[in-house]
Amino acid sequence: MRRPIILSVILFIAIVFLAVLYFRNLSTPGSRTTAVLSSIPNNAAFIFEFNNEDSFYEMYNGNKLFAAVTGKQQLDDLDTLRKQLLASNLLGQFFNGQDVFISFHPQKDNSVGLLMTTSADRKFDPEMLDKTMQNKQAGLKISKINLGYDVYSDVLKRHFYLVSKQKGVYAASFSKELIDAFVAYQPKKNQKNFILLPQQQTANSLANLYINYAQLNPLFDKLFKNKNSDIFKSQRLLPALGVLGLNFKSDALMFSGFTETDPARGSSYISLFLAQQPIVSELKNIFPSTTAYSVNFAVSDAKKFKIDLSRWQAKAGLQHEKDSLFNKIKTETGIELVAEFNKVLGNEFAAVTTRFIEKLAIVKLTDGSALRPVMNNISTMEGDEIGRFNYNKLPFFLLGDAFSMFNHPWFMIVDNYLVLANSKNELVSYRDSYFNSKFQSKQQAYNEFDKLQTGRSNVNWFINFKNSQAIFKRDMNDNFYKAFSDNEPGWKNFYGASYQLSASDKNFYTVFCMNFNQPDTASANK
């Protein structure tokens, strides 16, 4: 029975070590990046590329990061197959130094398939592969299929498929469904599914990660049974392509590069931040210590952001509904809510989910005392500090799509922060965190992680794996959650991950990082 590939959106890092094991003996120039990339079916959300040279293997061989991401059993399976099938001196010289591409594809059985694609040296004769496959090998049953081979391992009790549909380009997978899709796929002319790096940059990079944001939702549909999950939601709606390069660290996975938006595919909420300058984030310092995941938005010019948001909402056909709502508020209360809110809107606003599945919106204000009477007059108050809006969809129209989950929220103002939640109890809980300084920024593990992040950004998505476990248990498909919680080493060994977007020359400079849990020095010193 084929084991499912265990991944959340960031599980794509797993394929680094899988690729090392699989192509270890298939490692000199002659690669054809464009031909290989264009042959990969376009439903891949991620493609990981690396060059099979000794320096890459030496750097990452035995690294615990990859064992924790993939799971020990998955690595053992690939290593067994390599030893049984791919230890061929005859083939190795024609694949050494070629670029290898590992791609993720959603499959019909709620799993994610892994496709490995590479090219051979131009001097390679395909008949050499045929001769290698015709040689009987202990523990393997090899049979011909369309354009390739079906290899069954008695040790693994699994089928492995290897095909080539164009000269010099080869693909392999444990998934027959995925191999069939590779064989049948015909790329459309002038369709760009991934950004290609310049040749010089590729030559100087350890490895690269290609991202097709449009394919993130289909991937998430396989990972999560809750189809309304808001995890990484804003990024999943971004019409863009990205490419990131791997930066070496022994205790963290780090990628940096660019996300290129595609106006021809439309725009999204995150696209509005392209017109801003990245700034230093301060709001994250008051997120509660129970934060499971968060997305923090930052703008250099709040006035311009509100103008752009208004235009975008009008283009989306929301103008009539928006005008009707705010005209009603003015008629009933005499308050020009949009104008009053814009006067005091600061340069950061965030949506936070806690380990207890509490939802919070935290908005930085320039003058909290000036906004308080305005909020009181449009709400039903319960005491002097906490009230509930009398109108629906205000956060959505005032701040945008990322705040649509707060349809009819409760609110409070603490110092210069407006805090929203969907229940009074959630506000009371955050109030306790705020006035007793129970913040994530007070935790050593978070501060160590924060050192990996860029100082300035416009959109910063963060996840704490331990705090997110109850949410994963509720929302993830069972097979993925079981692997998430049970594998050793596994995801329990990681502290967190972040994905940062910073506006730069009409695109986004992009940084992804993910680190191990840090040792408990206090316990160690007892």
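The model is predicted: local features need pLDDT of at least 70 and side-chain atom pairs count only at pLDDT 80 or more, while totals for chains, interfaces and linings use all residues. Residues are numbered from 1 along each chain as its sequence is written, and side-chain values use heavy atoms, with hydrogens and water left out. Helices (H or I, at least four residues) and strands (E, at least two) are DSSP runs, numbered from the N terminus. Buried stands for under 20% relative accessible area, exposed for over 50%, and partly exposed for values in between (1.4 Å probe, protein chains only).

**Nonpolar cores**

- A nonpolar core is a set of buried Ala, Val, Leu, Ile, Met, Phe, Trp, Tyr and Cys residues joined through side-chain atoms within 4.5 Å.
- The largest nonpolar core has 99 residues, and within it Tyr269 and Phe349 touch the most other members.
- Phe349 has contacts (heavy atoms within 4.5 Å) with Tyr269, Phe273, Leu283, Val295, Asn296, Phe297, Val299, Phe305, Ile362, Val363, Leu399 and Phe403, not counting residues up to four places away in sequence.
- Another core, of 20 residues, lies apart from the largest one; Ala44, Val163, Phe182 and Leu241 are among its members.

**Salt bridges**

- With a salt bridge taken as a side-chain nitrogen of Lys or Arg within 4 Å of a carboxyl oxygen of Asp or Glu, the count comes to 17.
- Lys364 and Glu282 form a salt bridge at 2.9 Å, N to O. Lys364 is in strand 14 (residues 359-365) and Glu282 is in the loop between strand 11 (279-280) and strand 12 (291-298), so the pair ties together parts 82 residues apart in sequence.
- Lys364 is buried at 18% relative accessibility, whereas Glu282 is partly exposed at 46%.
- A network of salt bridges links Glu282, Glu348 and Lys364.
- In the salt bridge of Lys284 with Asp450, the closest N and O atoms are 2.9 Å apart. Lys284 sits in the loop between strand 11 and strand 12 and Asp450 in helix 18 (residues 444-450), 166 residues apart.
- Lys284 is buried, at 11% relative accessibility.
- Glu385 and Arg431 form a salt bridge whose closest N and O atoms are 2.8 Å apart. This pair joins the loop between strand 15 (379-382) and strand 16 (386-389), where Glu385 lies, to helix 17 (residues 424-435), which holds Arg431; the two residues are 46 apart.
- Glu385 is partly exposed at 39% relative accessibility, and Arg431 is partly exposed at 31%.

- Strand 20 (residues 459-464) has 6 of its 6 residues buried, so the strand is largely enclosed by the rest of the structure.
- Val459, Trp461 and Ile463 cover one side of strand 20, with Asn460, Phe462 and Asn464 on the other.
- Two strands pair if DSSP finds at least two bridges between them; strand 12 and strand 20 pair in the antiparallel sense over 5 bridges.
- Tyr293 stands opposite Ile463 of strand 20.
- Strand 20 and strand 21 (residues 494-504) run antiparallel and are joined by 6 bridges; Trp461 has Tyr499 in strand 21 as its bridge partner.

- Leu337, Phe341 and Val344 are buried in helix 14 (residues 337-344). The buried residues of helix 14 fall within an arc of 70 degrees seen down the axis, so they line one face of the helix; the arc is that of the directions from the helix axis to the C-beta atoms.
- Gln215 is in the loop between strand 8 (207-212) and helix 10 (216-223) and is buried, with a relative accessible area of 18%.
- Gln215 touches Asn42, Asn43, Ala44 and Ala45, not counting residues up to four places away in sequence.

**Aromatic pairs**

- Rings of Phe, Tyr and Trp (its six-membered ring) pair if their centres lie within 6.5 Å; planes under 30 degrees apart count as stacked, over 60 as edge-to-face and the rest as tilted.
- The whole structure has 35 aromatic pairs.
- Phe194 and Tyr210 have ring centres 6.3 Å apart and planes at 80 degrees, so the pair is edge-to-face.
- Phe194 is buried at 8% relative accessibility, and Tyr210 is buried at 0%.
- Phe273 and Phe305 have ring centres 5.1 Å apart and planes at 35 degrees, so the pair is tilted.
- Ring pairs link Phe48, Phe232, Phe255, Trp461, Tyr499 and Phe512 into a cluster.
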